Amino acid sequence: MNKLKIVFMGTPEFAVGILDTILKQNQHEIVGVITAPDKPAGRGQKIKYSDVKDYALEKNLKLLQPTNLKDLDFLSELKALGANLFIIVAFRMLPKAVWSMPKYGTFNLHASLLPNYRGAAPINWAIINGEAKTGVTTFFIDDKIDTGAIILSKEIAISETENAGNLHDRLMILGSEAVSETLNLIAKKNVHTTIQEEYPNIKTAYKLDKENCKIDFSKNADEIYNLIRGLSPYPTAWCNFKDDDKEWNIKIYEAKKELFSHEYEVGKLITTKKEIKMAVLGGFIHIISLQFPGKKKMLAHELLNGINFSENTHAF
């Protein structure tokens, strides 16, 4: 089996888990790591490193942070690393000058069963859409997003109660297995790819934004519950509470659903000393943890120790 010389490209924690597995197995050489440039974050606008940069510095790996992937100096530096394979995990779209560079090509690990859930947020959308299964796929990069020839895929069930954070962690482990198997196939020159099938109604993993994270009260209890767990712990589902002349923008981190026929107005907030629930189509959403503006995340009963909602309070 050939010992591969690898450049690894990635940014978030998910990518770190994959990179860590490659290093620990010590079957191939990481000759360089590419990650996003540093950027200011938070109220203090302090410079924040990517998770991959933190890890690369800890492991003393050669690190590049290009702002322009087509820059000739960067391309020259990348070529000088002498890699014969590039691996991409949660990075950004590459120009052909990059992905076509190594002898054995460039493969991506994507957290879905392609061709479904191409795009930025596959883990979240699989839960939001109520899928019973998802998985990971490795594929060779081409000039479009997540459309290249599939090397292999691995499937995993989604429980009806797990959130995006839980699924993220399980897929990171599954993804490490998929990348290891892919590396073995490439090293043994035993790769047999499958062209992605194009068919109507392929589901897309759209980028998450404020609008598609807002709870839509025209949806039913199942759909709202799936949205909440599909956006937890980040970026979180949100809605507004209105109580007479007071209004709050809140985030909901954890909830339970109760499927139950009722005659309450949709959005009606029903509270006791320990419980907050919202009336929705086909049942109730019991809020377990949430965050009010300017406050830390807290359990519903903790919030109720310091605030009293009137009978008129509703969510929208």
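Buried means under 20% relative accessible area, exposed means over 50%, and partly exposed lies in between, with a 1.4 Å probe and protein chains only. This is a predicted model, in which local features need pLDDT of at least 70 and side-chain atom pairs count only at pLDDT 80 or more, while totals for chains, interfaces and linings use all residues. Residues are numbered from 1 along each chain as its sequence is written, and side-chain values use heavy atoms, with hydrogens and water left out.

Start with the whole chain. Its C-alpha atoms fill a box of roughly 70 × 45 × 30 Å along the principal axes. Of its 316 residues, 51% are buried. The secondary structure comes to eight helices and 18 strands. These elements are DSSP runs numbered from the N terminus: helices are H or I with at least four residues, and strands are E with at least two.

Now go inside. A nonpolar core is a set of buried Ala, Val, Leu, Ile, Met, Phe, Trp, Tyr and Cys residues joined through side-chain atoms within 4.5 Å. The largest one here has 42 residues. Within this core, I22, L85, I87, F107, L171 and L183 touch the most other members. Helix α6 (residues 164–187) supplies the largest share of the core, 10 residues.

M9 counts as buried because its relative accessibility is 0%. Its C-alpha atom is separated by 7.5 Å from that of F86, 77 residues apart along the chain. I6 also has its place in strand β1. At 0% relative accessibility, I6 counts as buried. I6 and L85 are 79 residues apart in sequence, but 5.0 Å apart in space, C-alpha to C-alpha.

Turn to the charges. A salt bridge is a side-chain nitrogen of Lys or Arg within 4 Å of a carboxyl oxygen of Asp or Glu. The whole structure holds 13 of them. One of these joins K203 and E131, with the closest N and O atoms 2.6 Å apart. K203 lies in the loop between α6 and β11 (204–205), and E131 in the loop between α5 (122–128) and β9 (133–140), so the pair ties together parts that are 72 residues apart in sequence. K203 is partly exposed, with a relative accessible area of 36%. E131 is buried, at 18%.

Other bridges follow. E58 pairs with K59, the closest N and O atoms being 3.9 Å apart. E58 counts as exposed, at 58% relative accessibility. K59 counts as partly exposed, at 38%. E247 and K242 meet through their side chains at 4.0 Å, N to O. E247 is partly exposed, with a relative accessible area of 46%. K242 counts as partly exposed too, at 28%.

Finish on the surface. E13, D51, D54 and D169 gather there in a patch of negative charge. Patches are made of residues with over 30% relative accessible area and no salt bridge, with like charges joined within 9 Å and nonpolar side chains (Val, Leu, Ile, Met, Phe, Trp, Tyr) within 5 Å. Asp and Glu count as negative and Lys and Arg as positive, while His and the chain ends are not counted. The place of a charge is NZ of Lys, CZ of Arg, CG of Asp or CD of Glu. Areas come from the Shrake-Rupley method with a 1.4 Å probe, and for residues only the protein chains shown count as cover. D54 is found in helix α2 (residues 51–58). D54 counts as partly exposed because its relative accessibility is 39%.
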